Amino acid sequence: MSKNGFYICNECGFKSIKWVGKCSNCGEWGTFDEEISSTSKNAVKNNLSMVELSNKVVSFSDIQLEKDFRYKTTISEFDRILGGGLVKGQVVLITGNPGIGKSTLLLQTAKEYTKYGDVLYISGEESPAQIKSRGERLGINSSNLYLMSETDIQNIYEYVTIKKPKVVIVDSIQTLYNSAFDSIPGTPTQIRECTLKIVEMAKKQDVSFFIVGHITKDGKVAGPKLLEHMVDAVFQFEGEEGLFYRILRSQKNRYGSTNELAVFSMEEDGIKEIINSSEFFLCEREEKNIGSMVVPVLEGTKVFLLEIQTLITDVTIGIPKRIVQGFDRNRVQILISIAEKRMGMQLGMKDVFINVPGGLSINDPAADLGVLISIVSIYKNVEISQKIAAIGELGLRGEIRKVFFIDRRLRELEKLGFKGVYIPEANRKEVEKNSYKLKLIFLKNLDEFLERVSKDG
Ligand code: TYD
Ligand code: MG
């Protein structure tokens, strides 16, 4: 075998003939691993005859669509993230830090899929006995669930092709290897080749796969970025140390929408979904409050109610601090400038702290108004009823701009017993078609808001 070694960047897939410390393409350090470019004995040249080739080409009108069939579980939030269940032949990558609960979640869902047929759980990390003892804790007792301790993708290929399970779970991709390639498991070549094999199996045999992928300390999938392009869906399982809940986020989904987010809790007997997540994020609040505001933000297609808290203090030393958690810091700078310029507030010698409790981050511009109101409330020391929320994007002129999906946001507020909400005047036409149990307070700009605050107190 000719040994054409070269090096490939784990980050961007850039190739280099010699090892380098810094990738000249993406600028990352220490990301190069050796690769063997040519395959060994098992590689066979595989050209198709014209007859075989024309069998591979199908006329558009001849393609029969199967009714959108999806495997469902009793964990409705998990199904929702998948876009309404797992599609036949779909390959889903689940990433997350070690110990976050990937194996637990997948073992639980494995059990659910056994109602459709055989499910195969392949683990290169734990022995069947270890998986069984975990499974017993989760109340799993299904004869349709098969455990396999295997790391050679060729053996897995063989088994899956013959036995054709409905769903296969691979825990984890970093433990697999293809013996046709010389590199060790976990290297970019092996990750890429094993994933290719998995995708091939999935599409040829209509078997759905979940692949576990560990992530590096900076939150990236360990292995080439290519991995994310090869699979149909990428979900990240996240959580913060010390918090009992976990968030499953869809970053890519060919069969559903992205940026979906579901909340789970980690309990003694496994992972449980939290369906009413807004309630969960909003607990422990007082009737009236200074410096806090609730905003309904959109994550994918679901609305979450989150609280924004603000604290303002005099600068004690050095330059004023803007400490922001759970919101874009640059956005806060802009909002502070708007508050100074358009509302006459003087924040130049103040430290401003903004926090979104619960660990979620807001990316939705519709939260602008809520952030600004929480700043105004603490600055002017005005109490705001916690039964009132705010929706609106702010323009630099102090105008309050129209937001999308207003109906969904208002329904979520209604559901949780809110009494009123500040919303953009620009959304009036749209919302007046419907009826809400909420008092809608329309605002064109910040001057109108200030008028209201001084009137309502
Ligand atoms: P695990 O699924 O092994 O994480 P990963 O596969 O992402 O590395 O989860 C391990 C953690 O979960 C471990 O700290 C124990 C905890 N756990 C529970 O809290 N409840 C349970 O029912 C189970 C099985 C695990
Ligand atoms: Mg695991």
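1. A charge sits over a ring if NZ of Lys or CZ of Arg is within 6 Å of the ring centre and within 35 degrees of the ring normal. By that rule the charged end of Lys302 sits over the ring of Phe304, 5.8 Å from the ring centre. The charged end of Arg428 sits over the ring of Phe442, 4.1 Å from its centre.

2. On conventions: the model is predicted, with local features needing pLDDT of at least 70 and side-chain atom pairs counting only at pLDDT 80 or more, while totals for chains, interfaces and linings use all residues. Residues are numbered from 1 along each chain as its sequence is written, chains are lettered from A and ligands numbered from 1 in the order in which they are written, and side-chain values use heavy atoms, with hydrogens and water left out.

3. Which residues come nearest to ligand 1? They are Gly99, Ser103, Thr104, Glu267 and Gly270, out of 16 residues around the ligand; a residue is near if one of its heavy atoms lies within 4 Å. The shell divides into 4 nonpolar, 6 polar and 6 charged residues. Here Ala, Val, Leu, Ile, Met, Phe, Trp, Tyr, Cys and Pro count as nonpolar, Asp, Glu, Lys and Arg as charged, and the others, Gly among them, as polar.

4. Taken alone, ligand 1 exposes 560 Å², of which the protein buries 74% (Shrake-Rupley areas, 1.4 Å probe).

5. Helix H3 (102-113), helix H4 (128-137) and strand S13 (261-267) are the elements that give two or more residues to the shell around ligand 1. H3 gives the most, with 3 residues. Helices (H or I, at least four residues) and strands (E, at least two) are DSSP runs, numbered from the N terminus.

6. Most residues other than glycine have a negative phi, and most peptide bonds are trans. The peptide bond from Asp171 to Ser172 is cis, with omega near 5 degrees, and Ser172 lies in the loop between strand S9 (167-171) and helix H6 (188-205). Asp206 has a positive phi, near 60 degrees, in the loop between H6 and strand S10 (208-214). The phi of Asn381 is also positive, near 55 degrees. Asp206 is partly exposed at 36% relative accessibility, and Asn381 is exposed at 56% (buried means under 20%, exposed over 50%, partly exposed in between; 1.4 Å probe, protein chains only).

7. The model has 10 aromatic pairs: rings of Phe, Tyr and Trp (its six-membered ring) with centres within 6.5 Å, counted as stacked for planes under 30 degrees apart, edge-to-face over 60 and tilted for the rest. Phe69 and Tyr116 are edge-to-face, because their planes are at 85 degrees, with centres 6.0 Å apart. This pair ties together parts that are 47 residues apart in sequence. Ring pairs link Phe69, Tyr71, Phe78, Tyr113, Tyr116 and Phe210 into a cluster.

8. Tyr422 and Phe449 are also edge-to-face, with centres 5.4 Å apart and planes at 80 degrees. Tyr422 lies in strand S24 (residues 420-424) and Phe449 in helix H13 (residues 446-456), so the pair ties together parts 27 residues apart in sequence. Both Tyr422 and Phe449 are buried.
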